[in-house]
Amino acid sequence: MRLMAFEAHRYGPFDALRLELDPRPGCLNLVLAPNGAGKSVLLRAICDLLFGIPARTPMDFRYGYSGMRLMAEAVDAAGKPFAFGRRKGMGNTLIDAAGAELPREVLRPVLGDVDQPLLERLFVLGTERLRAGGEELLASGGALGAALQAAAGGLRDAHKLRGELTELRDRLAPTRANKTRPFYQGLEGLQTAQRTLKQELWRPEEFLAQEKALAAAEAGLAAAREKGRGAAAEILRLERIRAVRPWLAAAEAARGWLAAHPDAPALGAELAPRFQTLRGQLSRAATEHEAALRRRETLAGQLASLLGAPALLAEAERIGLLAEELAGAERAERELPRLEAAQAEAAAALARLLRQLGAEVPPAEAARLIPARAELAAARQLGGAAAGLATALEEAASRQAAAGPRLEAARKALAALPPPASEDRLTALLREVREAGEPAAAAAA
């Protein structure tokens, strides 16, 4: 049989371990891991897989017995794949891949005559067995031990070294206990640490009990929360009932009134908004009515006080005029600061304009500087004429500047002409041209 895969569930330090192996003949599978990772546990697990998990196995130190299971996928000598496993329990614990029980005879063709002690002696070679075998070999003193020691470097040296080690052991740890010896000091510390560890270490059943207590507490907490949510929902429902109870009472009273008055008219649905609008108008009218009543009472009191003074009633017209004048005076008094500020601003602007005109007179006397209307009209006419002349002067300067290049070109062309000949020749030429006819007509002919 050759293994293709091996699984350990809740076994020793492993919660769920799976190893993939190469089953080809002649292929060696190596499992490498640091000290304490569980290599020796794997060797024990393989033995338990083949021959059963002991009733009191020490591999329950972390997860307990619940759920402990070992599974394997393998091929037989003919190369046919099959799967099997072991569960923790009593009786036949051999199972298949689905967890169903398998008969014990299934593994006999695979194991043959090999039992667990033979398998451990031949294949399960761990650190503890190496140490125990070495001690047995040295302690036996037989021929095989002597031959191995001689082959390794000489029997005499090995015996000498063993004697020295024995003497050192007796000196450091004599047979009689002595607390001054380092060995017994260390042993006492080890025993104290073991006792402390035993007190602090939880046994699997204690851990499982704590887990069950935690699960029960969580279940109780969940139930309490669910109960609290139900209570909150009930409180919300009762609050809603309390909120609508007055409306329900009003509706019940309305139903009772309708039952007592069967002849009451049925009102349409459109009456509700109109009724709300009218209620608002009625409320506002009531407020205005109360304000009018208070105003009426105030005026009535004033009238009552006036009726007792006939002389004051005779002066009612003058009092009204004085009230109007008083109101105007109050408005003027309120406007006075603004008008004074505007006057001060206008005075400052007038003084600035006078300085620009060069008139050294106070602003109060600026009115005498204004000329007569006739003088102003003549000044406006002269100003308009001056503006026209300035425009014409600017246009003439522009035309002169534009005619300058043409004049210069004409001068250059005139200078380039040949000296004038006698006018007699020109007169004769003109006469010949006239006699010949119109030059344009002659050219066309």
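The accessible surface of the chain comes to about 35,400 Å², and carbon and sulfur atoms hold 61% of that area; the areas come from the Shrake-Rupley method with a 1.4 Å probe, and for residues only the protein chains shown count as cover. The model is predicted, so that local features need pLDDT of at least 70 and side-chain atom pairs count only at pLDDT 80 or more, while totals for chains, interfaces and linings use all residues. Residues are numbered from 1 along each chain as its sequence is written, and side-chain values use heavy atoms, with hydrogens and water left out.

## Overall composition

The chain contains 14 helices and five strands, where helices (H or I, at least four residues) and strands (E, at least two) are DSSP runs numbered from the N terminus. Of the 445 residues, 12% are buried; buried means under 20% relative accessible area, exposed over 50%, and partly exposed in between (1.4 Å probe, protein chains only). Among contacts with a separation of 6 or more, 42% involve residues 24 or more positions apart, a contact being heavy atoms within 4.5 Å.

## The sheet

The five strands form an open antiparallel sheet in the order E2-E1-E3-E4-E5. Strands E2 (14-20) and E5 (94-95) stand at the edges with a single partner strand each, so one side of each is left without a neighbour in the sheet. Two strands are taken to pair if DSSP finds at least two bridges between them. Strands of a sheet pair through backbone hydrogen bonds, either parallel or antiparallel.

Strand E1 (residues 2-11) is joined to E2 by six bridges in the antiparallel sense. Within this pairing, Tyr 11 has Phe 14 of E2 as its bridge partner, and Phe 6 stands opposite Leu 19 in E2. The two strands form a hairpin with two residues between them, and Gly 12 in the turn has a positive phi of about 60 degrees.

E3 and E4 run antiparallel and are joined by seven bridges, with Ala 74 opposite Phe 82 in E4. Their hairpin has five residues between the strands, and Gly 79 in the turn shows a positive phi of about 85 degrees. E4 and E5, also antiparallel, are joined by two bridges; here Arg 86 stands opposite Leu 94 in E5. Six residues lie between the strands of the E4 and E5 hairpin, where Gly 91 takes a positive phi near 75 degrees.

Helix H1 (residues 39-51) lies across E1, E2, strand E3 (69-75) and strand E4 (81-87), and runs at about 100 degrees to E1. For this angle, axes are lines fitted to C-alpha atoms, for helices over the stretch in contact, and angles run from 0 to 180 degrees between N-to-C directions.

## Salt bridges

The count of salt bridges is nine, a salt bridge being a side-chain nitrogen of Lys or Arg within 4 Å of a carboxyl oxygen of Asp or Glu. Three of these pairs are listed here.

| Pair | Closest N to O distance |
|---|---|
| Glu 73 and Arg 18 | 3.4 Å |
| Arg 24 and Asp 22 | 2.7 Å |

Glu 73 and Arg 18 form a salt bridge that links distant parts of the chain, with Glu 73 in strand E3 and Arg 18 in strand E2, 55 residues apart. Glu 73 is partly exposed at 32% relative accessibility, and Arg 18 is likewise partly exposed at 37%.

In the second pair, Arg 24 is exposed at 55% relative accessibility, whereas Asp 22 is partly exposed at 24%.

Arg 338 and Glu 335 are three residues apart in helix H11 (residues 316-357), and are therefore separated by about one helical turn. Arg 338 is exposed at 52% relative accessibility, and Glu 335 is partly exposed at 34%. Elsewhere, salt bridges that share partners join Glu 7, Arg 18, Glu 20 and Glu 73 into one network.

## A nonpolar surface patch

Leu 161, Leu 165, Leu 168, Leu 172 and Phe 183 form a nonpolar patch on the surface, with about 440 Å² of accessible area together. Patches are made of residues with over 30% relative accessible area and no salt bridge, like charges being joined within 9 Å and nonpolar side chains (Val, Leu, Ile, Met, Phe, Trp, Tyr) within 5 Å. Helix H6 (residues 155-172) gives the most to this patch, with four residues. Phe 183 belongs to helix H7 (residues 182-200) and is partly exposed at 43% relative accessibility.
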